[in-house]
Amino acid sequence: MSIAFFERHRATLEQAVQALQSRGYWSQFSESPSPRVYGETAADTGKAAYEARLNRPFELAQAASAGLAGSEASPYGFNLGITYPKPVIGQLLPAVSAAAASWRRAGPKAWAGVSLEIVARLNARSFEIAHAVMHTTGQAFMMAFQAGGPHAQDRALEAIGCAWQQMSLVPATADWEKPQGKHAPLQMRKSYRIVPRGIGLVIGCCTFPTWNSYPGLFANLATGNAVIVKPHPGAILPLAITVEVAREVLAEAGFDPDIVTLFAHDRDDAVARELALRPEIALIDFTGSSANGNWLERNALQAKVYTEKSGVNQIVIDSTDDLQGMARNIAFSLCLYSGQMCTTPQNIYIPKDGIRTPEGHASFEAVTAAITDAIARLTGDAAKAVEVLGAIQNDGVRQKIEAARTRGKVLLDSIALQHPQFAEACIRTPLVVQVEANSAITEEFFGPVSFVIPVDDTTMAVTLAERTAQRHGALTLSGYSTDPQVKDALADAAANAGVALSLNLTGGVFVNQSAAFSDYHGTGANPAANAALADAAFVADRFRVVQTREPVSAPAAN
């Protein structure tokens with residue numbers, strides 16, 4: 001069955017590899033929740049499936065469970081009431097190791113075929129997953145559908161394609177012949193086997209549980225590794241559904257479903273660190289705070305650790321050919337999901353003497369006013385604004401808003417909005433604070449917080465942006481300039497700091513959005529991440545090549 005899955009999805013896999021090579025636009029899964037795409041009943045069926053999960057145990061017949069975990073609360077103001085099997089580490093790991101044995105031997109076609117089938121089935125359940133993402137992360141429904149569903153599934157497919165691409169570089173066999181002058185040549189028949197590293201641990205985050213977890217999860221599966229999925233305690237449901245689907249496909253393909261398991265735990269349970277340090281864990285994928293990511297990098301020495309951590313994303317404004325378009329674009333980036341994205345801009349550098357525009361010189365005050373006015377317009381109608389802002393995921397984000405108010409002059413305050421459907425939802429508009437360059441913020445204020453920083457000139461802005469990204473990490477850098485020399489300087493600074501650069505975004509593309517198959521999410525070249533999603537380095541170290549060789553005169557080894 002696993003090979004049948006491979007043949008079923010072979011064309012999709014080939015398209016994915018081609019897209020990775022060309023880096024143009026390609027998406028296998030539609031981001032539109034249209035009935036024409038997903039079926040007339042898909043939306044209602046998906047919502048009903050999500051609602052049927054509430055206030056009851058999540059049935060998952062995996063090995064080594066004792067007791068229940070789970071206390072998820074929707075940022076929209078109610079408890080989900082779902083409990084999950086709570087694994088026992090000492091029993092779970094032997095069960096996973098036993099299950100992984102046949103998976104290791106199955107080979108790349110089986111690994112890819114099963115992985116592709118899982119992703120296809122996840123796509124069919126995109127509405128259920130969307131509601132699960134919405135009510136664990138606080139994303140508005142449309143964003144939850146897109147980022148939690150099709151966009152995450154494209155990221156999964158990207159990882160599978162990248163893994164297949166790298167494994168395909170290794171030939172199955174080779175005939176080796178070395179001339180020996182007058183003597184008969186030396187002849188060897190060699191074979192090469194792809195060997196997975198071991199058990200992978202995927203540690204999810206509370207804001208993008210599928211989008212950030214799928215690359216590691218499917219890079220592991222597609223290279224033959226078993227996977228333990230450890231969700232954030234505040235966002236278990238989307239990954240529990242994912243594990244449920246993966247186990248279903250594995251069983252249909254004739255494998256032990258414990259190749260993929262869920263490791264749910266409560267907020268006050270420190271068991272995750274214990275699990276990460278176990279010698280059986282060979283691979284760790286982590287998204288979250290720098291404190292936890294750095295701890296894993298320093299202590300989980302038995303594993304290959306891939307981390308995405310905190311960073312300070314920045315915007316440098318030198319000049320623009322569309323002041324209002326620039327302001328609208330920045331405003332939307334700051335408002336989207338209330339800034340609870342690892343790619344959201346935080347520090348905005350503007351020359352204190354102003355900038356050039358087609359309408360003439362615009363003062364520092366005029367530029368900041370254009371941005372804050374655009375935010376105010378975008379958030380002025382609460383019923384519409386909540387569909388962009390979503391809800392605040394946790395108390396830590398609210399605390400960041402309060403702390404940021406004390407750091408400088410408030411240009412635009414964060415205010416609470418009332419959600420028309422969920423009266424208990426915590427909705428906050430962006431806070432914009434002006435601080436001086438000599439006290440520029442070098443810590444991440446995760447959430448709807450940004451700092452406007454007046455600088456002497458563009459050179460100073462570029463220098464600050466480069467230094468901050470190098471020392472404190474960043475996933476995005478945005479620049480606005482009509483001057484080719486400034487654009488070159490920004491490109492050089494971005495390369496030096498190892499951060500992706502976006503220039504002159506004034507339309508429908510935003511700096512905090514990342515497109516699968518085209519955009520590298522992270523670079524691995526600054527403290528915000530030690531890996532990129534997804535490149536060869538992200539997948540190739542998840543497997544090893546073991547060779548067998550024998551003289552040709554003897555029967556060739558299988």
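This is a predicted model: local features need pLDDT of at least 70, side-chain atom pairs count only at pLDDT 80 or more; totals for chains, interfaces and linings use all residues.
Reader: How do you know which residues belong to the lining of the second largest pocket?

Author: A lining residue has an atom within 4 Å of a point of the space. The second largest pocket has 37 such residues, and His232, Thr287, Gly288, Ser289 and Asn292 lie nearest its centre. Helix H12 (271–276), strand E10 (281–287), helix H13 (290–299) and helix H17 (395–405) each contribute at least two residues to this lining. By class, the lining holds 15 nonpolar, 13 polar and 9 charged residues.

Reader: What is the volume of the largest pocket, and which residues lie nearest its centre?

Author: The largest pocket holds about 1100 Å³ of space. Its lining comprises 42 residues, with His151, Asn512, Gln513, Ser514 and Ala515 nearest the centre. Two or more lining residues come from each of helix H8 (141–148), helix H9 (150–167), helix H16 (382–389) and strand E22 (500–503). Helix H8 gives the most, with 4 residues. The lining divides into 22 nonpolar, 16 polar and 4 charged residues.

Reader: Why is a space called a cavity, and how many of 30 Å³ or more are there?

Author: A space is called a cavity because a 1.4 Å probe fits there but cannot get out. The count comes to 4 cavities of 30 Å³ or more. The largest cavity holds about 140 Å³ of space. Among the 18 residues of its lining, Phe286, Thr287, Thr307, Glu308 and Leu533 are closest to its centre. Strand E7 (199–203), E10 and strand E11 (304–308) each supply at least two residues of this lining, which has 9 nonpolar, 7 polar and 2 charged residues.

The second largest cavity holds about 80 Å³. Of its 13 lining residues, Met341, Thr344, Gln346, Glu444 and Phe445 are the closest to the centre.

Reader: How do you know whether helix H7 is enclosed or open to the outside?

Author: A residue is buried when its relative accessible area is under 20%. In H7, 12 of the 12 residues are buried, so the helix is largely enclosed by the rest of the structure. Among these buried residues are Phe127, Glu128, His131 and Met134.

Reader: What makes a group of residues a nonpolar core, and which residues have the most contacts inside the largest one?

Author: The members must be buried residues of the nonpolar kinds listed for a core, joined through side-chain atoms within 4.5 Å. The largest nonpolar core has 146 residues, and Phe218, Ile228, Ile284 and Ile317 have the most contacts inside it. Isoleucine 317 touches residues including Met326, Ile330, Tyr349, Val367 and Tyr480, leaving aside residues up to four places away in sequence. A second, separate core has 27 residues, including Leu431, Ile441, Ile453 and Ala469.

Conventions
Residues are numbered from 1 along each chain as its sequence is written. Side-chain values use heavy atoms; hydrogens and water are left out. Buried means under 20% relative accessible area, exposed over 50%, partly exposed in between (1.4 Å probe, protein chains only). On a 1 Å grid over the protein atoms alone, a cavity is a set of points where a 1.4 Å probe fits but cannot get out, and a pocket is an open set with protein on both sides within 12 Å along at least five of seven lines; lining residues have an atom within 4 Å of a point. Grid points are joined across faces, edges and corners, and a volume is the space filled by probe spheres set on the points. Ala, Val, Leu, Ile, Met, Phe, Trp, Tyr, Cys and Pro count as nonpolar, Asp, Glu, Lys and Arg as charged, and the others, Gly among them, as polar. Contact means heavy atoms within 4.5 Å.
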